[in-house]
Amino acid sequence: MGKLLQQMSRDLLVPIHDLEYLARSAPYRYKVYEIEKRQAGSKRIIAQPAREVKRLQYWVIANILNHYPIHPASVAYRKGKSILNNAKPHSKKRFLLKLDFKDFFHSITAIDFEQFIRESKSEDIDESDVAYLTRILFWRMTRGGDLVLSIGAPSSPLLSNILLHEFDHRVAEYCKPIRVAYTRYADDLTFSTNRNDVLRLVEAEVERICHGLPYPRLTLNPQKTIHASKANLRRVTGLVLSNDGSVSIGHERKRQLHAAVHHFKLGKLSPDETTALTGMLAFVHSVEPKFLRTLARRYGKNVVVKLLKGSHSE
């Protein structure tokens, strides 16, 4: 038995034999359901770990995963970072390339994590601990299949960023001398430049890097590859890159917000709708605060202030 599991037992006040049993059975302790994707007819599989497994995962996050580096190009799931950090580096560039990984979380396996841990040569993790860690952190998607990251486990986002550090490093090092900006938000990769002859080369190089890495074994989804320029509407993780170099929430979202704030002022929003609107305005405040001033001029400063404070009445 490794010292890491013993420390977990002491910290969580779980007897060691109970902890060993829980860790061994953890890959099967998931509630699985499906949600509709934006693409018609496709579904996303969500696997939510049981409460006792989540407790172990949070311990691993705090005591192990938080000590590993994440590349600066990776901006998803990071404290103090948002989709604005993903969009802003590209706002003043003329040409845009967007790539997407296919089946991202489920492509990252326990074998990838085991290889990473052994290469990192951490003195705090014994060989016997590695087997328990993989079972705590990974989900058995199919009977007899590989242990994979699940969409729904609190440890999966951070772990994906850690295991893609080498990928991000290689891509960023390729982009730097040719003056291409690169950011990654989970499975969304964004590149931008002011040269119209570069991004096809970048796309090919990212393919080569994917195939050349020992782990994880990631593939791009060609159906989601997008090349765009200032002649097109350019979106990056839901935000619009305006031709003046700014980042916007977009005209359609602004139209919806105008209507929602108007209905709130007339007392026509339910508490749930008001809560959703409050959250949306908080998001707008972080991305395009000047639009809040537009709403305040149109509907009254007191209305916007009440919404930002979470009031359910005008």
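**Exercise 1. In this predicted model, find the residues with the most contacts inside the largest nonpolar core.**

*Solution.* Start with the core as a whole: the largest one holds 68 residues. Within it, Phe 167, Phe 191 and Val 206 have the most contacts. Next, pick Val 206 and set aside its neighbours within four places in sequence; what remains in contact with Val 206 is Leu 99, Phe 167, Val 171, Leu 189, Phe 191 and Leu 220. Finally, look for another core: one of 27 residues lies apart, and its members include Leu 84, Leu 96, Leu 239 and Phe 264. As background, nonpolar side chains tend to be buried together in soluble globular proteins.

**Exercise 2. Work out how the axes of H1 and H6 are arranged, and which residues meet.**

*Solution.* Begin with the axes, which come within 8 Å and cross at roughly 55 degrees. Now turn to the residues: from H1, Lys 3, Leu 4, Leu 5 and Met 8 meet Asp 129, Tyr 132, Leu 133 and Ile 136 of H6. Sorted by class, this contact has six nonpolar residues, two charged ones and no polar ones.

**Exercise 3. List the buried residues of helix H2 and name helices that cover them.**

*Solution.* Walk along residues 16–25: Leu 19, Glu 20, Leu 22, Ala 23 and Ser 25 are buried. To finish, step back to the whole chain, where 47% of the 314 residues count as buried.

Definitions and conventions:
Residues are numbered from 1 along each chain as its sequence is written. This is a predicted model: local features need pLDDT of at least 70, side-chain atom pairs count only at pLDDT 80 or more; totals for chains, interfaces and linings use all residues. Side-chain values use heavy atoms; hydrogens and water are left out. Buried means under 20% relative accessible area, exposed over 50%, partly exposed in between (1.4 Å probe, protein chains only). Helices (H or I, at least four residues) and strands (E, at least two) are DSSP runs, numbered from the N terminus. Contact means heavy atoms within 4.5 Å. Axes are lines fitted to C-alpha atoms, for helices over the stretch in contact, and angles run from 0 to 180 degrees between N-to-C directions. Ala, Val, Leu, Ile, Met, Phe, Trp, Tyr, Cys and Pro count as nonpolar, Asp, Glu, Lys and Arg as charged, and the others, Gly among them, as polar. A nonpolar core is a set of buried Ala, Val, Leu, Ile, Met, Phe, Trp, Tyr and Cys residues joined through side-chain atoms within 4.5 Å.
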